[in-house]
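Please keep the sequence and the 3D view at hand while reading.

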Amino acid sequence: MRRIVLMFLSAGALCVAACGDDSDETPGPDDPGATRPPGELTILSLAANAPPLFQSSVTFWAVRGEDSEGRLYFSDGQGQPGEEYVRLKIDAASLLARPDGTPFAVGDSVQITMTAVDPTQILFQFEPAGLTFSSASPAELEIEYQEADDDFDDDGDVDDDDEDIETRLGIWRQGAIGQPFVRLGSAVIEDLEEIEAELTSFSRYAIAY
C-alpha cells in the first residue's frame with residue numbers, strides 16, 4: 001500500500017513538472033512540486049530530550065543488479081544502535097547514472113554516504129551529489145520523526161495547530177545550500193511517525209512544512 005501511495009504521489013509530481021506550461025495553475029504550498037526559499041521553510045527540530053545519534057553519517061556500497069540499503073540510528077544510551085532514524089533503500093535496478101552522466105552497467109558500484117547535517121534538525125545530505133536513479137525503480141527514503149519536538153510551531157504548547165501541521169509534513173529536497181527547497185510526493189504514516197518518498201537523484205533532504 002505504501003508503494004502504491006508513493007507511486008501516486010510521484011506521478012502527481014511528474015504531472016506538475018510536465019504539465020506546468022499548459023496550465024495556469026501552480027502547486028499549492030503543500031503539493032508535490034511546490035518550491036520555497038530556505039527562510040520560508042520550517043524544518044522539524046528534534047526534541048531537547050531526544051537521544052543522541054549513534055553516528056552522524058554512514059557509508060555503504062550500492063551495486064547495480066543488487067538490493068542495498070543504508071541506515072542511521074539514534075543511540076540506545078549504551079553505545080549501541082537504538083531506534084532507527086533514516087533508511088535509504090536502493091533496488092537492484094535503481095542505479096541509473098553517475099554524477100558525470102555515465103550510466104551504470106550491471107555489476108557497477110558506487111559508494112554512498114548519508115549524513116545528518118545538523119544534530120538538532122531533521123536534515124540530511126546524500127552523496128555523491130548528482131547521482132541519479134531510475135524513475136521506474138527509484139530509491140526509497142524513509143525518515144522517522146518520533147523523536148521530533150511535538151510543538152511543531154514552537155509556540156510553547158502542543159495543541160490542534162500542531163496536529164494540523166503534522167498532516168502537512170513532507171520531505172523537501174534542496175539541490176544545494178542556499179537554493180530553494182522543492183516538496184516531494186510524500187507518504188506520511190502518522191501511526192509510525194514516519195514519512196516516505198521516492199528519490200531519483202541525490203542532494204539534501206528534510207522533513208519540513
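## A buried aspartate

With a relative accessibility of 10%, Asp-151 counts as buried (under 20% relative accessible area, where exposed means over 50% and partly exposed lies in between, with a 1.4 Å probe and protein chains only). Asp-151 sits in the loop between E9 and helix H2 (160–168); helices (H or I, at least four residues) and strands (E, at least two) are DSSP runs numbered from the N terminus. The model is predicted, and local features need pLDDT of at least 70 while side-chain atom pairs count only at pLDDT 80 or more, although totals for chains, interfaces and linings use all residues. Residues are numbered from 1 along each chain as its sequence is written, and side-chain values use heavy atoms, with hydrogens and water left out.

Apart from neighbours within four places in sequence, Asp-151 is in contact (heavy atoms within 4.5 Å) with Gly-156, Asp-157, Val-158 and Asp-162. The side chain of Asp-151 reaches the backbone nitrogen of Gly-156 at 2.8 Å. Between Asp-151 and Ile-165 the C-alpha to C-alpha distance is 9.7 Å, and the two are 14 residues apart in sequence.

## The chain as a whole

The protein chain contains 2 helices and 14 strands. Of its 209 residues, 43% are buried. Among contacts with a separation of 6 or more, 67% join residues 24 or more positions apart. The chain exposes about 10,500 Å², of which carbon and sulfur atoms supply 49%; accessible areas come from the Shrake-Rupley method with a 1.4 Å probe, and for residues only the protein chains shown count as cover.

## An open sheet and strand E10

An open sheet is formed by 7 strands in the order E1-E11-E10-E14-E7-E6-E2, with antiparallel pairing (two strands pair if DSSP finds at least two bridges between them). Its edge strands, strand E1 (35–36) and E2, each pair on one side only.

Strand E10 (residues 170–174) is largely enclosed by the rest of the structure, because 4 of its 5 residues are buried. E10 and E14 run antiparallel and are joined by 5 bridges, and Trp-172 has Ala-206 in E14 as its bridge partner. E10 is also joined by 3 bridges to strand E11 (residues 181–183), again antiparallel; here Arg-173 has Val-182 as its bridge partner. The hairpin of E10 and E11 has 6 residues between the strands, and in it Gly-178 takes a positive phi near 95°.

## Nonpolar cores

In soluble globular proteins, nonpolar side chains tend to be buried together. A nonpolar core is a set of buried Ala, Val, Leu, Ile, Met, Phe, Trp, Tyr and Cys residues joined through side-chain atoms within 4.5 Å. The largest such core here has 41 residues, and Leu-88, Ile-112 and Ile-122 have the most contacts inside it. At least two residues of this core come from each of strand E2 (57–63), E3, E4, strand E6 (109–116), E7, strand E9 (139–144), strand E13 (194–199) and strand E14 (204–208).

Beyond its neighbours within four places in sequence, Leu-88 is in contact with several residues, including Phe-60, Ile-112, Met-114, Phe-126, Leu-141, Leu-199 and Phe-202. A second, separate core has 8 residues, among them Leu-41, Trp-172, Ala-206 and Ala-208.

## Aromatic pairs

Rings of Phe, Tyr and Trp (its six-membered ring) pair if their centres lie within 6.5 Å; planes under 30 degrees apart count as stacked, over 60 as edge-to-face and the rest as tilted. This rule gives 5 aromatic pairs. The pair of Phe-74 and Tyr-85 is tilted, because the ring centres are 4.5 Å apart and the planes are at 35°. Phe-74 lies in strand E3 (residues 68–75) and Tyr-85 in strand E4 (residues 81–90), so this pair ties together parts 11 residues apart in sequence.

Tyr-85 also forms an edge-to-face pair with Phe-124, at 5.1 Å centre to centre and 65° between the planes. This pair links distant parts of the chain, since Tyr-85 is in strand E4 and Phe-124 is in strand E7 (residues 123–127), 39 residues apart. Tyr-85 is buried at 1% relative accessibility, and Phe-124 is buried with a relative accessible area of 1%. Elsewhere, ring pairs link Phe-126, Phe-133, Phe-202 and Tyr-205 into a cluster.

Terms used:
Polar contact = N/O pair within 3.5 Å; in protein donor to acceptor, adjacent residues only side chain to side chain.
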